[in-house]
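Me: Please take one part of this model and go through it closely. I want to know what pairs, what packs and which residues touch.

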Amino acid sequence: MRRALARVPTKVTLFGEHAVVYGYPAIAAAVPKRIDVEARFRSDGRSVIRFEGVEIRVPLTAVDIGSGSHEARRESIDRIASYVSKAIEVCSSIVGGIDSGIEVSIRSSLPPSIGLGTSAAVSAGVLATCLELNGVSIDARELAKLAWRVELEVQGAASPMDTATVCLGGVVLVDPVNHRHRVVRDSIDALVGYVPRLGSTATLVAYVKKLRGSAPRVVESIMRAIAAVVDEGLDAVEKLDYERLGMLANANHGLLHALGVVSESSDRVVHALRRAGAYGAKMSGAGGGGAFVAFAQPGMLHRLAHVARALGAEVVSLKAGCSGIEVEQL
Ligand code: PMV
């Protein structure tokens, strides 16, 4: 029975989250903490989704989505399952219908909903493997568009940032209006980690939308300031100017504060990293906790990783930027 495997990076937003939802550019990077998505046809005609290690603290178990067990993990499993089903639906519409059952296995050591693009990685991975099994090959840009469609249909609102980044890889300037995303460089040194997250992306995006409705001029000014950070951030990424990247991260963090999405837990880590010698640090993603990124002299990142861990944060990578999705027939 044919099988296909996609190894999909996760992502971190360097600059521009939230403003990207309103059409401003952002800079994100693929993170070399990959999610493996394997798909195969099933002769019994059933479609099954298996999750292995979706939650980092829960030991590896394969869960048949129909089994009704693992109640504590049910909510996140259901959420991921909705991306998987939608991706299979989109794949099916492209290949003109899938006759047999399909089994999708997902292996991840990251918990979902921490602002590291796990849903984008799952959407892109399922699409890529499903298309591969059906003999259809498409390029990374096409795949990114389809994966974005999956995210949009499941979430209702989503920028193309996460799906473009996990498909293209590298450090990406995301253009949410014309979709001319540009890989600016392969990677930069940065500390990427996360703290537990309280709010979901949908809630935080809805909160900013509400704020924009009640204080439109204020929010528009903040968004424009974030866009200026992205613009100068692009120059700093191109020149590999870590000190400037750090200062811009601090500015971006402050602007996210102004939008009201920074949690106390993110602040604690961000301030500790700055005190420990980082040029700058910011929360990353929708907020309410979750991912963070810090810039420093590259030789200092290991020490900063210790500082973050001592505060209870998880460290994911000391690099931002790696190759995009990789797909193979097994
Ligand atoms: O899902 P997260 O935490 O990576 O947040 C995504 C970033 C937002 O800009 C807030 C939303 C989006 O769709 O780009």
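Reply: What follows starts with a sheet, moves to the helices beside it and ends with a ring pair.

First, the ground rules. The model is predicted, so local features need pLDDT of at least 70 and side-chain atom pairs count only at pLDDT 80 or more, while totals for chains, interfaces and linings use all residues. Residues are numbered from 1 along each chain as its sequence is written, and side-chain values use heavy atoms, with hydrogens and water left out.

Helices (H or I, at least four residues) and strands (E, at least two) are DSSP runs, numbered from the N terminus.

Now the sheet. It is open and has 4 strands, in the order S9-S10-S8-S11. The pairing is antiparallel. Two strands count as paired if DSSP finds at least two bridges between them. Strand S9 (280-283) and strand S11 (314-320) are the edges, each pairing on one side only. From one strand to the next, the twist averages 20°. Angles here run from 0 to 180 degrees between N-to-C directions; axes are lines fitted to C-alpha atoms, for helices over the stretch in contact.

Look at one pairing in detail. Strand S8 (residues 188-197) runs antiparallel to S11, and 5 bridges join the two. Tyr194 sits opposite Glu314 of S11. In general, strands of a sheet pair through backbone hydrogen bonds, either parallel or antiparallel.

Helix H7 packs on this sheet. H7 touches S8, S9 and strand S10 (289-295). Contact means heavy atoms within 4.5 Å. The direction of H7 makes about 35° with that of S9.

H7 also has a helix partner. H7 (residues 242-259) packs against helix H8 (residues 264-275) at about 155°, and the two axes are 12 Å apart. The two helices are therefore roughly antiparallel. The cut-offs are simple: under 35 degrees is roughly parallel, over 145 roughly antiparallel, 65 to 115 roughly perpendicular, and the rest oblique. The crossing of H7 over H8 is left-handed. That label applies if the near helix is turned anticlockwise from the far one by less than a right angle; clockwise gives right-handed.

Which residues make this contact? From H7 come Asn250, His253 and His257. From H8 come Asp267, Val270 and Arg274. By class, they split into 1 nonpolar, 3 polar and 2 charged. Here Ala, Val, Leu, Ile, Met, Phe, Trp, Tyr, Cys and Pro count as nonpolar, Asp, Glu, Lys and Arg as charged, and the others, Gly among them, as polar.

Last, the rings. A pair of aromatic rings is described by the distance of the centres and the angle of the planes. Searching the whole structure turns up 1 aromatic pair. Phe15 and Phe295 have ring centres 6.0 Å apart and planes at 20°, so they are stacked. Rings of Phe, Tyr and Trp (its six-membered ring) pair if their centres lie within 6.5 Å; planes under 30 degrees apart are stacked, over 60 edge-to-face, and the rest tilted. Phe295 belongs to strand S10, while Phe15 belongs to strand S1 (residues 3-15). The pair links distant parts of the chain, 280 residues apart.

To recap: S10 lies between S9 and S8 in the sheet order, is touched by H7, and carries Phe295.
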